[in-house]
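Subject: Structure handover

Hello,

Here is the structure I promised to pass on. Please open it first, then read the notes below.

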Amino acid sequence: MTARPPTSTPAPLPTALPPGEPPLSPAARAHRLQRQRLDTLRAQLAELDALEQSARQEHMAWVAPLQARQVQLQKALVQALGAALDAALDAALDADALQRPLSPAQRATARERLCALAQALAEDGHADMAALHDRHSPQTLAQKRQARAEALRAQFEAALGAPIEGLDGASPEAVLRAGWQRLQAADEARRQARQDKREKREQRQQRRKTATAPGAPGLPPPDPAADADRLLRQVFRQLASALHPDRESDPARRTHKTALMAEANTAHARRDLMALMDLQQRAALADSGPAAAPSDERLAALTLLLKQQVAAVERERAARQAALGQLFELPAGVSANANTLRQARLDAVQRLDAAIAALEHALEQTGDAARLKRWLKDPG
């Protein structure tokens, strides 16, 4: 079961209005509920920020030192296996050698383990391991990367049913990006076609309803989406007119207005009506603004914008949780919270302790030919 995201407990909605205050209309109640939902989601984002910072600190204290020790031992094992292979080759060429050299099968096993470990280290950014890999591998890292790129390209072309041009000699990462982009574009084209078909059907249904509805013929029904867009433009234009820094002669006020105008531009780009309305209040414009004493029609437009913001923040929260889970290697389907991150950290420490013990054991075996042969046969 997927863990629920961290939440803040919002202030409860009042159960009764103050004496003498008229009850809220359905439009006003819907608007208030969306505002509360947006405030809750923003509090959850702040909690995710704090959770990530805390998890990073714990990771640096407990996991990072073990990871560094693991890499140190892995490099030492690669170098020890390389030295053992060189010694085995020398012994095989020396007829007077006292020690029995590694057999061809044992040398192949040693090369396989050396190359696998050196490749993993090189791909993690340890360039000094690339030369050791290429020295002992029948295929260089560059050749392996090219083979992976060609295999990926073939898989994407099979899924798309068409060739992908312009990827000759591209890296596996470039092929992966291009392939996913093509797949997403194909999915988006199919989704857009379905949406266009659905919208046309809804428009036909709406035209039929309008034609048969009582009232003045030819008048379109109210469009909350158009009202929302118009309201957003009105609030922004009012702010832009009042906050334009070029119209302010006082340097301090000009600096202040420049900062407010930058916030307004950002909020407008995000379609964040609440941020624009907050700026109205900070700039002492709310009393005369278009959002003052809103009617039910205007509240419907406001609520539509709020719903869009709520959906956007929900997507952001989901993306942030997914990124946090990926960063700290949570199991698939497990949401990031304090408990799951703590358990992941404990599991990582346990895995690293076991890996370090195994590497230390392996290094001990490489110092003696007989023990090395036993370890190559059974690394456990």
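**What was found**

Alanine 357 has its place in helix H10. Helices here are DSSP runs of H or I with at least four residues, strands are runs of E with at least two, and both are numbered from the N terminus. Alanine 357 counts as partly exposed because its relative accessibility is 41%. On that scale, buried means under 20% relative accessible area, exposed means over 50%, and partly exposed lies in between (1.4 Å probe, protein chains only). The C-alpha atom of alanine 357 is separated by 9.3 Å from that of glutamine 70, 287 residues apart along the chain.

Before going on, a word on the source. This is a predicted model, in which local features need pLDDT of at least 70 and side-chain atom pairs count only at pLDDT 80 or more, while totals for chains, interfaces and linings use all residues. Residues are numbered from 1 along each chain as its sequence is written, and side-chain values use heavy atoms, with hydrogens and water left out.

**Confidence**

pLDDT is the predictor's confidence in each residue, from 0 to 100. Its mean over the protein is 84. Of the residues, 83% reach 70 or more. Two stretches need care. Over residues 1-5, pLDDT stays under 50. The model has seven contacts beyond four places in sequence for residues 1-5. Over residues 286-293, pLDDT also stays under 50. For residues 286-293 the model has 16 such contacts, again beyond four places in sequence. A contact means heavy atoms within 4.5 Å. Where pLDDT is low, the predicted coordinates should not be read in detail.

**Overall build**

From the N terminus on, the order of elements is α-α-α-α-α-α-α-α-α-α-α. The protein has 380 residues, and 31% of them count as buried. Take the contacts between residues at least 6 apart in sequence: 65% of these join residues at least 24 apart. The accessible surface comes to about 23900 Å². Carbon and sulfur atoms hold 55% of that surface. Areas come from the Shrake-Rupley method with a 1.4 Å probe; for residues, only the protein chains shown count as cover.

**Helix H1**

Histidine 31 lies in helix H1. Is histidine 31 buried or exposed? Histidine 31 counts as buried, because its relative accessibility is 12%. Leaving aside neighbours within four places in sequence, histidine 31 is in contact with Met274, Leu299, Leu302, Thr303 and Leu306.

Alanine 76 is also placed in helix H1. Its relative accessible area is 24%, so alanine 76 is partly exposed. The C-alpha atoms of alanine 76 and leucine 359 are separated by 9.2 Å. Along the chain, alanine 76 and leucine 359 are 283 residues apart.

**The largest pocket**

About 490 Å³ of space lies in the largest pocket. A pocket is an open set of points on a 1 Å grid over the protein atoms alone, where a 1.4 Å probe fits, with protein on both sides within 12 Å along at least five of seven lines. Lining residues have an atom within 4 Å of a point. The volume is the space filled by probe spheres set on the points, which are joined across faces, edges and corners.

The lining has 23 residues, and the closest to the pocket's centre are His59, Phe328, Glu329, Ala344 and Ala348. Helix H1 (26-93) and helix H10 (338-366) are the elements that give two or more residues to the lining. H10 gives the most, with ten residues. The lining divides into 13 nonpolar, five polar and five charged residues. Here Ala, Val, Leu, Ile, Met, Phe, Trp, Tyr, Cys and Pro count as nonpolar, Asp, Glu, Lys and Arg as charged, and the others, Gly among them, as polar.

**Loop residues**

Glutamate 329 sits in the loop between helix H9 (296-327) and H10. Its phi is near 60°, a positive value in a residue other than glycine. Glutamate 329 counts as exposed because its relative accessibility is 59%.

Arginine 271 lies in the loop between helix H7 (251-269) and helix H8 (273-282). Phi of arginine 271 is near 60°, a positive value in a residue other than glycine.

Best wishes
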